[in-house]
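Good morning, colleagues. Please look at the model on the screen while I take you through some of its contacts, its cores and its charged pairs.

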Amino acid sequence: MDYDKTAMPAAYDRARTYQPEVLRLWLEAISLEVPKTEVDHIIDFGCGTGRYSGPLSVHFDAELTGIEPSEKMLAEASAKAPSDRVRFCRAAGEALPLADGCADLVFISMVLHHLADPARAAMECGRTLRPGGRLALRTGSTEQSVSYPYIPFFSGLLEIIRERLPSRARIRQLFEDAGLELASHRVIKHQFAASWPAYADKLALRADSFLASLPDPAFNTGLDALRAHAEEQDPGKPIREDIDFFVFRKPAA
Amino acid sequence: MNEPSESGTDEVDPKLLEILVCPLTKGPLTYDRENQELISETARLAYPIREGIPIMLVEEARGLDDD
């Protein structure tokens with residue numbers, strides 16, 4: 001998806017507002033696998049609007065370079081201007097403009113399904129990591145994402161997700177082929193919205209590349225059905241969309 | 001020409017310059033402050049810098065031999 005051809009960058013953050021606890025949960029999940037003392041420079045690969053950029057730099061007390069091809073997404077990221085330890089650069093994930101071995105940690109969040117050539121992007125991650133460096137990958141997988149609560153409401157959505165998201169085995173293969181070793185994989189419980197109505201409000205922004213791919217009638221019909229369902233649900237019931245979390249390691253030279 | 005802008009944010013971050021390479025050849029870059037470009041001699045391309053953000057995309061670069 002070319003985000004520069006859409007109005008999604010402006011709505012992207014609102015559609016994904018996090019409770020601070022959710023962000024902290026992710027930062028802690030990463031530092032559980034990647035010791036803070038071993039990280040001086042982070043690449044935020046496909047940083048989008050930079051939601052993780054500032055928090056990662058602070059959490060790891062490290063320099064961070066955010067790479068993103070979309071001009072509009074980067075404008076949102078730069079406007080956040082988190083600190084002088086965070087900087088951004090427009091580039092493609094398949095052709096990183098960064099020196100070999102410059103990073104201790106590459107962080108990738110919800111990017112794999114946007115890449116034209118994931119295998120080449122994985123090679124670039126391997127190249128820019130130092131020996132012993134790690135790659136932390138937050139991603140949808142076919143296995144996990146097909147269970148998301150919104151999918152049954154939208155006709156055609158399941159097929160789009162099955163087609164675009166890689167399986168866990170494929171993800172592992174992708175990075176192993178790039179010379180990295182799997183260090184860990186788990187599924188992180190991720191609260192996406194506080195309630196069904198809040199979930200509907202976030203989805204209504206359509207700042208999701210899968211929903212954006214649906215024809216308008218399918219989107220509108222689905223959203224109406226989801227809203228009707230939301231009204232019948234316990235208003236205190238949070239909505240979870242659990243997320244795959246992989247950590248890969250580049251073997252020491 | 002190479003006066004810093006009013007906000008002082010148009011200069012490329014020096015720490016970023018240390019690690020930037022040409023995305024095509026992975027060769028070194030020369031910072032042309034006056035024209036706000038990063039020059040890759042190995043690729044014969046000049047990558048633009050806009051509002052302090054390097055645009056390291058081949059399709060946005062200027063060919064050094066195009067005249």
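A95(A) touches R120(A), E124(A), P23(B) and K26(B), leaving out residues up to four places away in sequence; contact here means heavy atoms within 4.5 Å. This is a predicted model, in which local features need pLDDT of at least 70 and side-chain atom pairs count only at pLDDT 80 or more, whereas totals for chains, interfaces and linings use all residues. Residues are numbered from 1 along each chain as its sequence is written, chains are lettered from A and ligands numbered from 1 in the order in which they are written, and side-chain values use heavy atoms, with hydrogens and water left out.

Where does A95(A) sit? A95(A) is found in the loop between β3 (86-90) and β4 (103-109) of chain A; helices (H or I, at least four residues) and strands (E, at least two) are DSSP runs, numbered from the N terminus. A95(A) counts as buried, at 17% relative accessibility. The classes are buried under 20% relative accessible area, exposed over 50%, and partly exposed in between, with a 1.4 Å probe and protein chains only.

I turn to the interface. Here 15 residues of chain B are in contact with 21 residues of chain A. The area buried between the two chains is about 1,400 Å², with carbon and sulfur atoms giving 63%. I19(B), K26(B) and I53(B) lose the most area in chain B, together 36% of what that side buries. Buried area is the accessible area (1.4 Å probe) that two parts lose on being put together, summed over both.

How many salt bridges lie between chain B and chain A? The count is four, a salt bridge being a side-chain nitrogen of Lys or Arg within 4 Å of a carboxyl oxygen of Asp or Glu. R87(A) forms a salt bridge with D13(B), with the closest N and O atoms 3.1 Å apart. On the side of chain B that touches chain A, the elements giving two or more residues are α1 (14-19) and β4 (53-54) of chain B. Of these, α1(B) gives the most, with three residues.

Next, the nonpolar cores, each a set of buried Ala, Val, Leu, Ile, Met, Phe, Trp, Tyr and Cys residues joined through side-chain atoms within 4.5 Å. The largest has 52 residues, and F154(A) and I30(A) are among those that touch the most other members. Helix α2 (residues 20-33) of chain A gives the most to this core, with six residues. Apart from it lies another core, of 41 residues, including L98(A), F246(A) and M56(B).

Finally, the salt bridges within the chains. E38(A) pairs with R134(A), the closest N and O atoms being 3.0 Å apart. This pair links distant parts of the chain, 96 residues apart: E38(A) is in the loop between α2 and β1 (41-45) of chain A, and R134(A) is in strand β5 (residues 129-139) of chain A. E38(A) is partly exposed, at 34%, whereas R134(A) is buried, at 12%.

In chain B, D65(B) and R44(B) meet in a salt bridge (2.8 Å, N to O). D65(B) lies in the segment after β5 (62-63) and R44(B) in the loop between β2 (37-40) and β3 (45-50) of chain B, so the pair ties together parts 21 residues apart in sequence. D65(B) counts as exposed, at 52% relative accessibility. Salt bridges that share partners also join D61(A), E63(A), R85(A), R87(A), D13(B) and K15(B) into one network.
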